[in-house]
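User: I am new to this structure and would like to learn how to read its features. Could you take me through them step by step?

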Amino acid sequence: MATATDNDNEGPLTRWVQSAIQNPEKVYRALFYVAMVFFLVTTLFPFYWLLVLAVTPSGRLLSGSFLPTIDLFGVSATFPLPVPKGFNPAAFVSVFEQVPFHLYMLNSFALAVTTTVIVIVVASLAGYVFGRLRFPGRAVLMLGILAVSYFPPAAFVIPLFQVFAGNAPITIPFTDFPLFTPPRLLNTPGSMVLPFSALFMPLSIFILTTFYGQIPDGLEDAARVEGTTRLGALFRVIMPLSAPGVATAAVLTFIAVYNEYFFSSIMATSTEAAKWSPIVGGILSYQTQYTTQYNLMAAASIVGVLPVVILVIVAQERIVSGLTSGALKE
Amino acid sequence: MAKLKLEHVTKRYDDQGETVTAVDDMNLDIDHGEFICFVGPSGCGKSTTMETVAGLTIPTEGKVYIGDRDVTNLPPKDRGIAMVFQNIALFPHMDVYDNISFGLRLRDYPTDEIDRRVERAADIVQLEGMLGRMPEEMSGGQRQRVAIARAIVREPDVFLMDEPLANLDAKLKVHMRTELQRLHKELDTTIIYVTHDQEEAMTLSDRIAVLNSGSLQQIAPPLTCYNEPDNLFVAGFIGSPSMNFVEGTVESDAIVTKNFSLAFDPASVDGVGVGDSVTIGIRPEDIYPGGLRGEIADHSALIDARTDILEPMGDEIFAYMLLGEGETSMSQEQASSDQLLVSIDPDSDITEDEDVQVVIDRGNVHLFDTASGEALTHTLEAAWSGDEVTESEAESDD
């Protein structure tokens with residue numbers, strides 16, 4: 001109801017508010033940029049900080065400030081971003097000299113790949129069943145599987161450690177009746193891959209169930225008539241068509257295991273590469289009783305994170321290409 | 001290349017505690033090289049029957065034989081069948097060549113043999129030069145042809161086609177229909193074809209199997225289904241537009257309906273007695289304007305009617321006629337005793353809301369038992385000596 005004259009009399013704030021109400025897109029766009037910048041800063045700053053630490057020579061790590069004072073036309077001010085105190089790229093080499101860090105990376109990589117393969121194969125079978133077959137009790141069973149992922153992993157550590165230690169036979173609960181004596185799995189990949197697979201399985205099953213459930217029945221029928229079994233149809237038709245889902249489940253599992261420390265720090269009884277200690281175990285090896293080489297720990301962290309960065313970039317392309325190639329048409 | 005036999009095939013589903021019978025005691029004997037159409041309304045069990053043949057559904061009871069083999073419990077891949085699906089079901093992640101050769105590659109055929117067969121199949125369905133395309137780059141008709149090529153490349157014993165033309169536009173449908181006929185001639189393979197389109201069934205098949213609510217109503221050559229339907233359902237389903245049904249009662253010398261009567265001798269047809277409720281079935285083309293009655297050997301008495309709606313089709317006009325005090329019927333079925341659908345010569349100058357007289361060709365009147373729906377006779381010609389003809393000729397002498 002405001003006339004043009006009224007408008008002229010109103011202050012700049014009122015005019016700005018009115019223009020925002022009339023053009024909400026402008027506000028949304030502004031908020032989008034604010035949110036983007038916020039997330040970029042919070043995710044990228046830690047990496048930058050690691051880089052600063054890694055290239056700073058170890059002698060200067062604890063002396064002085066990372067925030068240099070700069071002289072701005074006679075006015076001295078503190079530069080708002082930390083900068084390295086010196087330049088020592090050799091840290092990225094000594095990372096491998098002091099500790100066989102590549103072996104720790106290999107451990108993590110091997111554990112992650114093995115777990116991912118197991119999870120994708122088993123979760124595919126489960127996803128096929130939950131996504132494409134109708135049977136009584138399906139919902140309850142699915143809920144039960146998801147419930148596994150709601151447990152804190154720590155709840156499983158003590159019983160699992162006892163089992164994997166292989167010292168005493170497993171007995172029937174509340175009795176002394178022995179069932180079997182498990183093999184000693186501590187310090188082997190088995191003691192880590194098994195619990196990882198179990199813990200990360202529910203999420204993958206959930207993702208794959210959703211994807212496999214969306215593949216039209218006709219395609220599976222066609223594959224079966226053409227000469228595959230149900231399993232063959234799953235691996236030849238349903239899985240390739242669900243590539244984005246499979247990639248998502250695989251990447252999530254891989255990253256989760258690659259970054260895992262809690263279980264492996266317990267199942268590997270010391271931080272030695274030969275005992276299948278993972279990357280974090282390697283990073284902690286730069287810390288001794290008397291010294292902590294923060295620059296090497298930072299450099300190792302950066303090196304350790306590189307494979308995941310590469311994987312995500314590659315997989316993301318796959319996921320995006322899977323999504324943009326259009327909704328699935330028969 | 002084989003016979004196909006269904007023996008007492010029954011399929012029941014358990015739907016939330018309720019048992020649904022999709023296919024009820026189906027018995028079929030199909031000869032080598034026959035083109036059989038399963039027709040019926042949605043949910044009549046025709047697709048389920050086909051799935052039991054394909055092996056995608058295992059029947060609850062009964063046996064399926066292909067050739068001399070009992071294939072009831074064999075998986076689809078071991079049955080020697082190929083199938084074309086309603087939604088075409090090409091593998092979207094494979095190009096045309098890979099789609100067509102999928103079955104051959106699974107069976108480890110040598111590469112040159114696969115190449116040769118794919119080339120030939122592509123040749124038959126006229127897809128030369130498109131082997132490198134992806135399904136999404138093709139039109140509906142082309143995809144359909146890829147699906148057919150994928151089916152014929154394996155040289156199966158039995159072809160199953162589940163409404164393969166349902167998703168195509170009308171023009172393409174007619175074209176593909178001709179292609180399928182040519183293909184059948186060329187391949188000489190047993191083909192089972194599911195459709196809800198009775199026109200497709202009429203034009204394509206050697207025999208039509210009409211299904212309703214899970215049971216077989218009639219299996220016969222198309223013209224037999226058309227001219228001698230076994231029961232009310234087949235009579236109403238086959239033919240477009242469908243048959244007029246008028247309910248009446250048998251009296252000693254005629255069948256009397258609400259608005260007209262047809263001379264009839266109950267003794268001439270087995271199983272008909274005075275007082276029985278019968279349904280008269282008359283196809284639109286067997287009703288003529290009264291002026292043409294001289295051309296019909298055995299016609300009924302003149303029936304007063306009033307035209308309601310006219311549907312000019314070009315080669316004929318479908319005229320909905322109201323009998324007696326009849327109101328326009330809103331019901332889908334023509335079972336209304338007050339309405340007749342008549343096919344008229346397009347040159348006649350008939351208008352809407354015009355009082356006319358029509359006659360029925362008694363030689364093509366079908367009689368059904370109203371209670372059971374079973375056909376009693378497909379002509380009244382033999383059922384009457386001809387007295388009535390003289391009578392009505394006397395009328396027309398003016």
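This is a predicted model: local features need pLDDT of at least 70, side-chain atom pairs count only at pLDDT 80 or more; totals for chains, interfaces and linings use all residues.

User: Which side chain does A:Arg132 meet in a salt bridge?

Analyst: A salt bridge pairs a side-chain nitrogen of Lys or Arg with a carboxyl oxygen of Asp or Glu within 4 Å. Here A:Arg132 meets A:Asp217, with 3.1 Å from N to O. The pair ties together parts that are 85 residues apart in sequence, because A:Arg132 lies in helix H5 (residues 101-132) of chain A and A:Asp217 in helix H9 of chain A.

User: Is A:Asp217 buried or exposed?

Analyst: A:Asp217 counts as exposed, with 51% relative accessibility. A salt bridge can also be part of a network: A:Arg132, A:Asp217, A:Glu220 and A:Arg230 are linked in this way.

User: How many salt bridges does a search of the whole structure find?

Analyst: Over all chains, the search finds 18 salt bridges. One of them joins B:Glu199 and B:Arg177, whose closest N and O atoms are 3.8 Å apart. B:Glu199 lies in helix H6 (residues 198-204) of chain B and B:Arg177 in helix H5 (residues 170-187) of chain B, so this pair ties together parts 22 residues apart in sequence. B:Glu199 is partly exposed, at a relative accessible area of 43%, whereas B:Arg177 is buried, at 13%.

User: What does B:Glu7 form a salt bridge with?

Analyst: The partner of B:Glu7 is B:Lys5, and their closest N and O atoms are 3.4 Å apart. B:Glu7 counts as partly exposed at 25% relative accessibility, and B:Lys5 counts as partly exposed at 32%.

User: Now the interface. How many residues of chain A are in contact with chain B?

Analyst: To read an interface, look at its contacts, its area and its pairs. In this model 19 residues of chain A are in contact with 23 residues of chain B. The area buried between the two chains is about 1900 Å², and carbon and sulfur atoms give 63% of that area.

User: Which residues form a salt bridge between chain A and chain B?

Analyst: The count between these chains is 1 salt bridge. B:Arg154 forms this bridge with A:Glu226, the closest N and O atoms being 3.3 Å apart. The rule also finds 5 residue pairs in polar contact across the interface.

User: Which helix gives the most to the side of chain A that touches chain B?

Analyst: H9(A) gives the most, with 8 residues. The residues of that side divide into 8 nonpolar, 5 polar and 6 charged.

Definitions and conventions:
Residues are numbered from 1 along each chain as its sequence is written. Chains are lettered from A and ligands numbered from 1 in the order in which they are written. Side-chain values use heavy atoms; hydrogens and water are left out. Contact means heavy atoms within 4.5 Å. Buried area is the accessible area (1.4 Å probe) that two parts lose on being put together, summed over both. A polar contact is a pair of N or O atoms within 3.5 Å; within protein, one must be able to donate a hydrogen and the other to accept it, and residues adjacent in sequence count only if both atoms are side-chain atoms. Helices (H or I, at least four residues) and strands (E, at least two) are DSSP runs, numbered from the N terminus. Ala, Val, Leu, Ile, Met, Phe, Trp, Tyr, Cys and Pro count as nonpolar, Asp, Glu, Lys and Arg as charged, and the others, Gly among them, as polar. Buried means under 20% relative accessible area, exposed over 50%, partly exposed in between (1.4 Å probe, protein chains only).
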